[in-house]
Amino acid sequence: MTSRPVIAAAVICTLIVGGLIALLATSESGRNTSVNFEIVGKVAPPIEGATIDGGSFDLRDRRGSWVVVNFFASWCVGCRVEHPELVAFSESHVDDGIELVSVMFGDTEQAAQEFFAELGGSWPTLVSDTGGIAIDYGVTGVPETLLVAPTGRVVQKWVSVTGVTQAELDEAIAGFEGNG
Amino acid sequence: MADRSFANQWRWLSWVLMALVASAALVVGASGESGPATDGERVSQLAGTIRCPQCRGQSVAESNVAIAREIRGDIRNRIAAGETDDQIRQVYIDRFGRSIVLNPDSGGFTGLVWVVPVVAAAVGAAAVGFALVRWRAEAADDDADMVTDDDRELVRVARSRRTGANG
């Protein structure tokens with residue numbers, strides 16, 4: 001013999017707990033998303049600092065140009081797969097104002113130098129105090145590549161275990177230029 | 001009879017006192033100030049509330065992947081620069097989205113996550129208390145209904161015999 005208030009309380013509790021489970025299961029924090037595209041559409045955070053060859057780089061000076069920002073590490077297999085594509089992309093855009101900058105992530109300066117010595121590439125590469133830049137760009141791992149439009153906004157981001165390709169970069173820039 | 005009533009009152013009073021002490025302990029424990037945290041403690045506390053963006057179900061305090069290490073270092077730098085905990089948390093929300101924070105918001109729709117368990121527990125406790133009181137009352141009524149006049153007569157006879165035997 002179960003009294004009505006007890007049944008009512010049980011139903012109410014079941015509904016409340018069920019609702020709570022549904023809320024947690026469907027909320028944003030309930031999903032495990034390791035890829036982060038929050039930065040796309042926003043103004044590109046500053047990238048400024050000393051480069052691997054002793055020079056300096058400041059993204060603000062590149063306003064008006066397309067800039068490809070690549071986050072990499074020497075221990076990252078995907079970065080090694082991707083690097084020849086970036087070399088080819090860089091060489092094909094020597095004179096047209098499209099620039100490439102690499103930012104070391106979770107690595108040492110010496111390892112990054114050896115990485116470039118081994119695989120080639122002569123574009124600006126930042127290697128010291130780059131953790132803040134990676135966080136500003138919402139990087140979760142490497143390789144990650146972003147495209148900064150001449151307006152200074154991030155318009156695309158590529159996250160892939162094998163990295164971005166020259167064709168993907170060219171296609172994206174051509175697409176955005178075509179759209180005006 | 002008076003002793004029984006006094007004992008009953010004491011029993012209820014002890015329960016009320018225990019509930020008061022437990023409530024006071026919870027309130028003091030939840031709101032009590034334990035003194036200003038050191039920078040190191042703040043780094044640990046904040047890192048424990050930020051989800052490692054590359055991991056599953058781990059905070060940046062627990063993970064040792066590159067981005068977790070970078071975020072821990074960044075938290076340390078921001079604390080040294082004088083930023084508040086809320087400002088620092090907001091930095092990561094802006095860059096990685098709201099899901100970067102492990103603790104749900106205390107406001108808005110998500111705030112239900114904090115309120116609902118308390119309400120459910122209160123409703124459950126009230127229902128159980130109500131049911132117990134009702135069951136006891138029903139049981140008392142049932143007992144009263146079960147005693148017949150014959151039973152009462154038997155008890156009276158037994159008592160009178162016992163009184164006679166003792167006398």
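Two strands count as paired here if DSSP finds at least two bridges between them; strands (E, at least two residues) and helices (H or I, at least four) are DSSP runs numbered from the N terminus. This is a predicted model, so local features need pLDDT of at least 70 and side-chain atom pairs 80 or more, while totals for chains, interfaces and linings use all residues. Residues are numbered from 1 along each chain as its sequence is written, chains are lettered from A in the order written, and side-chain values use heavy atoms, leaving out hydrogens and water.

Let's start with chain A, which has five helices and seven strands. Five strands form an open sheet with mixed pairing, in the order β5-β4-β3-β6-β7. β5 and β7 of chain A each have a single partner strand, so one side of each lacks a neighbour in the sheet.

| Strand of chain A | Residues |
|---|---|
| β5 | 125-126 |
| β6 | 144-148 |
| β7 | 154-159 |

As for burial, 45% of the 180 residues of chain A count as buried, meaning under 20% relative accessible area, with exposed over 50% and partly exposed in between (1.4 Å probe, protein chains only).

Over in chain B, B:V16 sits in helix α1 (residues 2-31). At 45% relative accessibility, B:V16 is partly exposed.
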